[in-house]
Amino acid sequence: MDIIGIGYMGFETADIEAWREYGPQVMGFGIGRSPQSDPDSLYFRIDDRRHRFAFHPGKIDRIAYIGWEAVGRMAFEDALKKFTAAGVEFTRGDAELCEKRGVRELIRFRDPVGYQHELFYAQKWTPRSFQPGRPHGGFLADERGAGHVVLITPEYTPELEHFLLEVMGFHWYGAGAGKGRTGFFRSKLNTHTSHDIAYGHGPGRMGVQHVGIVVNSIRDVGETYDIVRKRELPMMMTLGQHCQDPHVSFYHFNPSGFAFETIAEIEPWQGDPYELNPEVLSVWGHEMVGPILGPSVRTPEEVLDPEYLVSKR
Ligand SMILES: [Fe+2]
(Lines give C-alpha, C1' and ligand atoms only; values in the text may rest on other atoms or scores of the structure.)
Protein backbone atom coordinates (compact mmCIF):
# COMPACT_ATOMS: atom_id res chain seq x y z
CA MET A 1 0.00 0.00 0.00
CA ASP A 2 1.66 3.24 -1.15
CA ILE A 3 1.40 5.24 2.07
CA ILE A 4 3.76 8.16 2.74
CA GLY A 5 3.16 8.36 6.49
CA ILE A 6 0.76 10.04 8.90
CA GLY A 7 -0.72 13.02 7.10
CA TYR A 8 -2.78 14.30 10.01
CA MET A 9 -3.98 13.35 13.47
CA GLY A 10 -7.11 14.32 15.39
CA PHE A 11 -7.71 14.43 19.13
CA GLU A 12 -10.56 15.21 21.49
CA THR A 13 -9.79 17.53 24.37
CA ALA A 14 -11.63 18.80 27.42
CA ASP A 15 -9.54 21.98 27.43
CA ILE A 16 -9.38 23.49 23.97
CA GLU A 17 -8.50 26.92 25.35
CA ALA A 18 -5.30 25.52 26.88
CA TRP A 19 -4.33 24.19 23.44
CA ARG A 20 -5.12 27.54 21.78
CA GLU A 21 -2.37 29.14 23.85
CA TYR A 22 0.02 26.20 24.25
CA GLY A 23 0.08 25.10 20.57
CA PRO A 24 1.48 28.36 19.17
CA GLN A 25 3.40 29.62 22.22
CA VAL A 26 5.15 26.42 23.28
CA MET A 27 5.25 24.23 20.17
CA GLY A 28 5.32 26.98 17.55
CA PHE A 29 2.27 25.62 15.71
CA GLY A 30 0.36 27.99 13.45
CA ILE A 31 -3.41 28.21 13.92
CA GLY A 32 -5.28 27.37 10.73
CA ARG A 33 -8.77 28.47 9.72
CA SER A 34 -11.39 26.06 11.08
CA PRO A 35 -13.70 24.61 8.42
CA GLN A 36 -17.21 26.12 8.29
CA SER A 37 -18.74 22.84 9.43
CA ASP A 38 -16.43 22.61 12.46
CA PRO A 39 -15.97 26.11 13.90
CA ASP A 40 -15.36 24.99 17.51
CA SER A 41 -12.34 22.82 16.76
CA LEU A 42 -8.76 23.99 16.65
CA TYR A 43 -6.70 23.25 13.55
CA PHE A 44 -2.91 23.50 13.81
CA ARG A 45 -0.50 23.93 10.95
CA ILE A 46 3.17 22.95 10.92
CA ASP A 47 3.81 23.34 7.18
CA ASP A 48 2.02 24.39 4.02
CA ARG A 49 -0.75 21.80 4.36
CA ARG A 50 -4.13 23.16 5.49
CA HIS A 51 -3.57 21.49 8.85
CA ARG A 52 -1.76 18.56 10.47
CA PHE A 53 -3.25 18.38 13.97
CA ALA A 54 -6.91 18.93 14.87
CA PHE A 55 -8.26 19.26 18.41
CA HIS A 56 -11.99 18.75 18.81
CA PRO A 57 -13.95 19.63 21.96
CA GLY A 58 -14.70 16.48 23.97
CA LYS A 59 -15.45 15.24 27.47
CA ILE A 60 -11.98 13.69 27.96
CA ASP A 61 -8.60 13.91 26.28
CA ARG A 62 -8.12 11.04 23.84
CA ILE A 63 -7.02 10.31 20.31
CA ALA A 64 -9.82 10.55 17.76
CA TYR A 65 -8.20 9.40 14.49
CA ILE A 66 -4.91 8.89 12.67
CA GLY A 67 -4.96 9.97 9.00
CA TRP A 68 -2.63 8.00 6.72
CA GLU A 69 -1.69 9.62 3.43
CA ALA A 70 -1.86 7.58 0.23
CA VAL A 71 0.54 9.04 -2.31
CA GLY A 72 -2.31 9.73 -4.76
CA ARG A 73 -5.69 8.66 -6.13
CA MET A 74 -4.44 5.47 -7.81
CA ALA A 75 -2.75 4.34 -4.58
CA PHE A 76 -5.96 5.15 -2.68
CA GLU A 77 -8.07 3.09 -5.12
CA ASP A 78 -5.61 0.19 -4.91
CA ALA A 79 -5.85 0.38 -1.12
CA LEU A 80 -9.66 0.15 -1.26
CA LYS A 81 -9.37 -3.04 -3.33
CA LYS A 82 -6.90 -4.45 -0.81
CA PHE A 83 -9.16 -3.61 2.15
CA THR A 84 -12.12 -5.24 0.39
CA ALA A 85 -10.12 -8.39 -0.43
CA ALA A 86 -8.84 -8.58 3.16
CA GLY A 87 -12.37 -8.20 4.57
CA VAL A 88 -11.52 -4.98 6.45
CA GLU A 89 -14.67 -2.97 7.11
CA PHE A 90 -14.44 0.66 6.05
CA THR A 91 -16.75 3.58 5.41
CA ARG A 92 -16.25 6.35 2.91
CA GLY A 93 -16.03 9.90 4.19
CA ASP A 94 -18.87 12.10 2.87
CA ALA A 95 -18.34 15.55 1.35
CA GLU A 96 -18.60 17.28 4.74
CA LEU A 97 -15.97 15.06 6.35
CA CYS A 98 -13.63 15.47 3.36
CA GLU A 99 -14.05 19.24 3.70
CA LYS A 100 -13.23 19.06 7.43
CA ARG A 101 -10.04 17.13 6.73
CA GLY A 102 -9.29 19.21 3.62
CA VAL A 103 -8.83 16.14 1.42
CA ARG A 104 -10.20 14.84 -1.88
CA GLU A 105 -11.36 11.47 -0.56
CA LEU A 106 -10.99 9.40 2.59
CA ILE A 107 -12.07 6.16 4.17
CA ARG A 108 -12.42 5.33 7.88
CA PHE A 109 -11.56 1.99 9.47
CA ARG A 110 -10.32 0.57 12.78
CA ASP A 111 -7.28 -1.49 13.63
CA PRO A 112 -7.78 -4.74 15.60
CA VAL A 113 -7.22 -2.83 18.87
CA GLY A 114 -10.09 -0.47 18.06
CA TYR A 115 -8.14 2.70 17.23
CA GLN A 116 -9.78 4.80 14.51
CA HIS A 117 -7.72 5.30 11.36
CA GLU A 118 -8.36 7.09 8.08
CA LEU A 119 -6.73 6.82 4.69
CA PHE A 120 -6.82 9.83 2.38
CA TYR A 121 -5.09 11.47 -0.54
CA ALA A 122 -4.60 15.07 -1.70
CA GLN A 123 -4.89 17.33 1.32
CA LYS A 124 -5.28 21.05 0.60
CA TRP A 125 -1.99 22.89 0.40
CA THR A 126 -0.81 26.43 -0.26
CA PRO A 127 2.88 26.92 -0.97
CA ARG A 128 4.80 29.31 1.32
CA SER A 129 1.75 29.90 3.49
CA PHE A 130 2.96 28.49 6.84
CA GLN A 131 3.66 30.93 9.62
CA PRO A 132 4.70 29.57 13.02
CA GLY A 133 2.86 30.73 16.14
CA ARG A 134 6.09 32.09 17.65
CA PRO A 135 9.62 32.65 16.28
CA HIS A 136 10.55 29.15 15.10
CA GLY A 137 12.62 27.61 12.31
CA GLY A 138 9.76 25.42 11.10
CA PHE A 139 8.99 21.73 10.96
CA LEU A 140 10.28 18.91 8.80
CA ALA A 141 6.77 17.88 7.71
CA ASP A 142 6.17 18.38 3.95
CA GLU A 143 7.13 15.05 2.39
CA ARG A 144 7.47 13.40 5.83
CA GLY A 145 4.02 14.03 7.21
CA ALA A 146 2.82 15.08 10.64
CA GLY A 147 5.16 12.90 12.71
CA HIS A 148 5.02 9.53 14.46
CA VAL A 149 2.80 8.11 17.16
CA VAL A 150 3.25 5.47 19.86
CA LEU A 151 0.01 3.87 21.05
CA ILE A 152 -0.66 1.62 24.01
CA THR A 153 -2.56 -1.59 23.32
CA PRO A 154 -4.16 -3.76 26.03
CA GLU A 155 -3.29 -6.86 24.00
CA TYR A 156 -0.51 -7.32 21.47
CA THR A 157 -1.91 -9.93 19.11
CA PRO A 158 -0.93 -11.71 15.86
CA GLU A 159 -4.09 -10.11 14.35
CA LEU A 160 -2.64 -6.66 15.05
CA GLU A 161 0.67 -7.50 13.37
CA HIS A 162 -1.13 -9.12 10.43
CA PHE A 163 -3.21 -5.99 9.96
CA LEU A 164 -0.20 -3.67 10.06
CA LEU A 165 2.12 -5.80 7.93
CA GLU A 166 -0.21 -7.51 5.46
CA VAL A 167 -3.11 -5.07 5.08
CA MET A 168 -1.44 -1.70 5.66
CA GLY A 169 1.76 -2.94 4.01
CA PHE A 170 4.01 -1.48 6.72
CA HIS A 171 7.63 -2.51 7.24
CA TRP A 172 8.50 -4.21 10.53
CA TYR A 173 11.32 -2.29 12.15
CA GLY A 174 11.75 -4.22 15.36
CA ALA A 175 10.83 -4.36 18.99
CA GLY A 176 13.02 -1.42 20.07
CA ALA A 177 15.04 -1.28 23.26
CA GLY A 178 12.16 -0.92 25.69
CA LYS A 179 11.09 -3.56 28.15
CA GLY A 180 7.90 -5.44 27.41
CA ARG A 181 6.27 -6.05 24.05
CA THR A 182 6.52 -3.20 21.57
CA GLY A 183 6.43 -3.25 17.78
CA PHE A 184 7.70 -0.44 15.53
CA PHE A 185 6.33 -0.09 12.00
CA ARG A 186 6.77 2.35 9.15
CA SER A 187 4.80 2.94 6.00
CA LYS A 188 6.03 1.63 2.67
CA LEU A 189 7.22 4.95 1.26
CA ASN A 190 8.94 6.20 4.45
CA THR A 191 12.68 5.93 3.83
CA HIS A 192 13.70 8.55 6.39
CA THR A 193 12.93 7.17 9.85
CA SER A 194 12.56 3.87 11.69
CA HIS A 195 8.87 4.16 12.49
CA ASP A 196 5.64 6.01 11.82
CA ILE A 197 3.70 4.08 14.42
CA ALA A 198 4.47 1.79 17.34
CA TYR A 199 2.22 -0.27 19.58
CA GLY A 200 3.34 -0.89 23.13
CA HIS A 201 1.72 -3.60 25.24
CA GLY A 202 0.05 -2.16 28.35
CA PRO A 203 -2.39 -4.65 29.90
CA GLY A 204 -5.78 -3.00 30.43
CA ARG A 205 -4.58 0.30 28.98
CA MET A 206 -5.13 2.32 25.80
CA GLY A 207 -4.13 5.75 24.59
CA VAL A 208 -1.30 7.78 23.15
CA GLN A 209 2.08 7.36 24.84
CA HIS A 210 3.72 10.06 22.71
CA VAL A 211 3.68 11.85 19.38
CA GLY A 212 7.04 12.70 17.75
CA ILE A 213 7.33 15.94 15.77
CA VAL A 214 10.43 16.77 13.73
CA VAL A 215 11.68 20.36 13.72
CA ASN A 216 14.13 21.85 11.23
CA SER A 217 17.08 22.46 13.54
CA ILE A 218 18.61 21.64 16.89
CA ARG A 219 18.00 25.28 17.82
CA ASP A 220 14.23 24.65 17.62
CA VAL A 221 14.65 21.71 20.02
CA GLY A 222 16.70 23.86 22.41
CA GLU A 223 14.33 26.83 22.31
CA THR A 224 11.30 24.59 22.85
CA TYR A 225 13.16 22.93 25.74
CA ASP A 226 13.82 26.35 27.33
CA ILE A 227 10.16 27.34 27.04
CA VAL A 228 9.04 24.03 28.57
CA ARG A 229 11.52 24.48 31.46
CA LYS A 230 10.60 28.13 32.02
CA ARG A 231 6.91 27.24 32.21
CA GLU A 232 7.71 24.26 34.45
CA LEU A 233 5.68 21.95 32.22
CA PRO A 234 5.86 18.29 33.23
CA MET A 235 8.73 16.44 31.57
CA MET A 236 8.99 12.78 30.65
CA MET A 237 12.58 12.53 29.37
CA THR A 238 15.41 15.03 29.23
CA LEU A 239 17.41 15.81 26.09
CA GLY A 240 19.07 12.78 24.57
CA GLN A 241 19.89 10.85 21.42
CA HIS A 242 18.20 7.57 20.54
CA CYS A 243 20.00 4.50 19.16
CA GLN A 244 17.39 3.61 16.56
CA ASP A 245 17.08 7.05 14.99
CA PRO A 246 20.19 9.09 15.72
CA HIS A 247 18.31 12.30 16.38
CA VAL A 248 18.27 14.60 19.39
CA SER A 249 14.99 14.94 21.22
CA PHE A 250 13.24 15.47 24.52
CA TYR A 251 9.79 14.55 25.79
CA HIS A 252 7.34 16.68 27.75
CA PHE A 253 3.64 16.41 28.52
CA ASN A 254 1.16 18.62 26.63
CA PRO A 255 -2.24 19.84 27.93
CA SER A 256 -3.90 16.57 26.82
CA GLY A 257 -1.61 14.50 29.04
CA PHE A 258 0.38 12.69 26.37
CA ALA A 259 3.99 13.51 25.54
CA PHE A 260 5.36 15.42 22.59
CA GLU A 261 8.81 14.32 21.50
CA THR A 262 10.45 17.34 19.87
CA ILE A 263 13.05 16.01 17.44
CA ALA A 264 15.93 17.35 15.33
CA GLU A 265 17.66 15.00 12.93
CA ILE A 266 21.35 15.73 13.31
CA GLU A 267 22.60 12.63 11.47
CA PRO A 268 20.97 10.63 8.67
CA TRP A 269 19.04 7.55 9.73
CA GLN A 270 21.20 4.43 9.37
CA GLY A 271 18.39 2.42 7.76
CA ASP A 272 17.81 -1.21 8.63
CA PRO A 273 19.84 -3.57 6.43
CA TYR A 274 19.15 -6.19 9.13
CA GLU A 275 16.96 -6.19 12.22
CA LEU A 276 18.61 -3.93 14.76
CA ASN A 277 18.60 -4.87 18.42
CA PRO A 278 19.71 -1.84 20.42
CA GLU A 279 21.36 -2.53 23.78
CA VAL A 280 19.94 0.68 25.22
CA LEU A 281 17.18 3.12 24.33
CA SER A 282 19.55 6.06 23.94
CA VAL A 283 23.28 6.63 23.50
CA TRP A 284 23.21 9.62 25.86
CA GLY A 285 20.61 11.57 27.85
CA HIS A 286 16.87 10.79 27.82
CA GLU A 287 16.87 10.54 31.58
CA MET A 288 13.40 9.48 32.67
CA VAL A 289 12.18 12.29 34.92
CA GLY A 290 8.44 11.66 34.68
CA PRO A 291 5.99 8.83 34.15
CA ILE A 292 6.35 6.74 30.95
CA LEU A 293 2.55 6.82 30.56
CA GLY A 294 0.73 10.10 31.01
CA PRO A 295 -2.87 10.67 32.09
CA SER A 296 -4.14 10.30 28.50
CA VAL A 297 -3.44 6.55 28.74
CA ARG A 298 -6.68 5.19 30.16
CA THR A 299 -8.87 2.10 30.05
CA PRO A 300 -10.15 0.88 26.65
CA GLU A 301 -13.70 1.78 27.79
CA GLU A 302 -12.62 5.40 28.24
CA VAL A 303 -10.65 5.66 24.99
CA LEU A 304 -13.07 3.87 22.63
CA ASP A 305 -16.46 5.19 21.48
CA PRO A 306 -19.35 3.62 23.42
CA GLU A 307 -21.12 2.60 20.16
CA TYR A 308 -18.02 0.78 18.99
CA LEU A 309 -17.74 -1.16 22.26
CA VAL A 310 -21.43 -2.12 22.07
CA SER A 311 -21.03 -3.35 18.48
CA LYS A 312 -18.05 -5.48 19.52
CA ARG A 313 -19.93 -7.31 22.27
FE1 LIG B 1 9.32 8.97 19.38
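Reply: On a 1 Å grid over the protein atoms alone, a cavity is a set of points where a 1.4 Å probe fits but cannot get out, whereas a pocket is an open set with protein on both sides within 12 Å along at least five of seven lines, and lining residues have an atom within 4 Å of a point. Points are joined across faces, edges and corners, and the space filled by probe spheres set on them is the volume. The model is a predicted one, in which local features need pLDDT of at least 70 and side-chain atom pairs count only at pLDDT 80 or more, while totals for chains, interfaces and linings use all residues. Residues are numbered from 1 along each chain as its sequence is written, and side-chain values use heavy atoms, with hydrogens and water left out.

Me: How much space lies in the second largest cavity?
Reply: The residues that line the second largest cavity are His-192, Asp-245, Pro-246, His-247, Glu-265, Glu-267 and Trp-269. The count of cavities of 30 Å³ or more comes to 2. For the second largest cavity, the space comes to about 30 Å³.

Me: Between which domains does the largest cavity lie?
Reply: The largest cavity holds about 50 Å³ of space, and its lining is made up of Phe-11, Glu-12, Asp-61, Arg-62, Ile-63, Gly-207, Val-208, Ser-256, Phe-258 and Ser-296. At least two lining residues come from each of strand 1 (3-13), strand 5 (62-70) and strand 13, where strands (E, at least two residues) and helices (H or I, at least four) are DSSP runs numbered from the N terminus. Domain bounds come from an automatic or database domain assignment. Because both domains give residues to the lining, the largest cavity lies between domain 1 (3-123) and domain 2 (148-300).

Me: Which element gives the largest share of the lining of the second largest pocket?
Reply: The second largest pocket has a volume of about 520 Å³, and 18 residues line it, with Val-88, Glu-89, Phe-109, Arg-110 and Lys-312 lying nearest its centre. Two or more lining residues are given by strand 7 (103-110), helix 4 (158-167) and helix 7 (306-312). Domain 1 (3-123) and domain 2 (148-300) both contribute to the lining, so the second largest pocket lies between them. The largest share of that lining is 4 residues, and it comes from helix 4.

Me: Which residues are the protein donors of the iron ion?
Reply: Donors are N, O and S atoms within 2.8 Å of the metal (3.2 Å for Na, K and Ca), and sites may look incomplete, since water is not among the atoms. Along the chain, the donors of the iron ion follow the spacing H-x61-H-x50-E. At distances of 2.0 to 2.2 Å from the iron ion, the protein donors are His-148 (NE2), His-210 (NE2) and Glu-261 (OE).

Me: What distance separates the C-alpha atoms of Val-103 and Arg-219?
Reply: Val-103 is part of strand 7 and is buried, its relative accessible area being 9%. Along the chain, Val-103 and Arg-219 are 116 residues apart, and the separation of their C-alpha atoms is 33 Å.

Me: What is the relative accessibility of Arg-128, and is this residue buried or exposed?
Reply: Arg-128 is placed in the loop between strand 8 (116-123) and strand 9. Its phi is near 55°, a positive value in a residue other than glycine. With a relative accessibility of 83%, Arg-128 counts as exposed.

Me: Near what value is phi of Asp-142?
Reply: Asp-142 is found in the loop between strand 8 and strand 9. At 42% relative accessibility, Asp-142 counts as partly exposed. Asp-142 is a residue other than glycine with a positive phi, near 30°.

Methods: Buried means under 20% relative accessible area, exposed over 50%, partly exposed in between (1.4 Å probe, protein chains only).
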